[in-house]
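Visitor: Please give me a close look at one part of this structure. I would like to start with a pair of charged side chains and go on from there.

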Amino acid sequence: MALAYTNYDILSVFDKNGDIKFNFLGEMEFESENPNFKFFNQVRITDEYIIASYLGDSGIKLDDNKRPKGVQPGKLLFFNLAGKLEKVIDTGHQIMTFAVDEDNSRVFCYFTDREVPIGYINYE
């Protein structure tokens, strides 16, 4: 099981008994100076990876008319099952949600800022 923190740069992973295995602490850890900053979002655990969507920036941007607009994560972080960060994929787009196809080593994403909202990324 994994617990992703939206407002803190921390990802906690637990074993099957609910005991903490490890915490992944990002560079900003318990940063609280900017409450608009958002970090982790969704997490999926596969046979090989813990995959998390990640923003690491302000969760609010102003549009062309100076109105606030929510921002979704654009990166996928891949951790091995021991908690080591293996790879980071910057999609260049905002990910609303994602699903993992382990058989074909793909991550399907629903993007909020593309004309064609569904796409996939090979991760092997």
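Guide: Asp63 and Arg67 meet through their side chains in a salt bridge, with 3.0 Å from N to O. The term covers a side-chain nitrogen of Lys or Arg within 4 Å of a carboxyl oxygen of Asp or Glu. Side chains of opposite charge can pair when their charged atoms come close. This is a predicted model, in which local features need pLDDT of at least 70 and side-chain atom pairs count only at pLDDT 80 or more, while totals for chains, interfaces and linings use all residues. Residues are numbered from 1 along each chain as its sequence is written, and side-chain values use heavy atoms, with hydrogens and water left out.

Asp63 has a relative accessible area of 23% and is therefore partly exposed; buried means under 20%, exposed over 50%, and partly exposed in between, with a 1.4 Å probe and protein chains only. Arg67 is also partly exposed, at 48%. Lys66 is placed in the loop between strand S6 (60–62) and strand S7 (68–70). Strands here are DSSP runs of E with at least two residues, helices are runs of H or I with at least four, and both are numbered from the N terminus. Lys66 counts as exposed because its relative accessibility is 64%. Its phi is positive, about 65 degrees, although Lys66 is not a glycine. Most residues other than glycine have a negative phi, and most peptide bonds are trans.

The structure holds 3 salt bridges. In another of them, Lys61 and Asp57 meet at 3.7 Å, N to O. Lys61 is partly exposed at 40%, and Asp57 is partly exposed at 33%.

Arg106 and Asp101 also form a salt bridge, at 3.1 Å from N to O. Asp101 counts as buried, with 16% relative accessibility. Ser105 is found in the loop between strand S10 (95–101) and S11. Ser105 is buried at 17%, and has a positive phi of about 50 degrees although it is not a glycine.

Arg106 has a second contact: it lies over the face of Tyr120, at 4.9 Å from the ring centre. A charge sits over a ring if NZ of Lys or CZ of Arg is within 6 Å of the ring centre and within 35 degrees of the ring normal. Lys87 does this at Phe78, 5.8 Å from the ring centre. Phe78 has Lys87 as its bridge partner in S9.

The structure holds 9 aromatic pairs. Phe108 and Tyr120 form a tilted one, with 5.5 Å centre to centre and 45 degrees between the planes. Phe108 is in strand S11 (residues 106–111) and Tyr120 in strand S12 (residues 118–122), so the pair ties together parts that are 12 residues apart in sequence. Rings of Phe, Tyr and Trp (its six-membered ring) pair if their centres lie within 6.5 Å; planes under 30 degrees apart count as stacked, over 60 as edge-to-face, and the rest as tilted. Phe108 is partly exposed at 32%, and Tyr120 is partly exposed at 48%.

Note on methods:
Two strands pair if DSSP finds at least two bridges between them.
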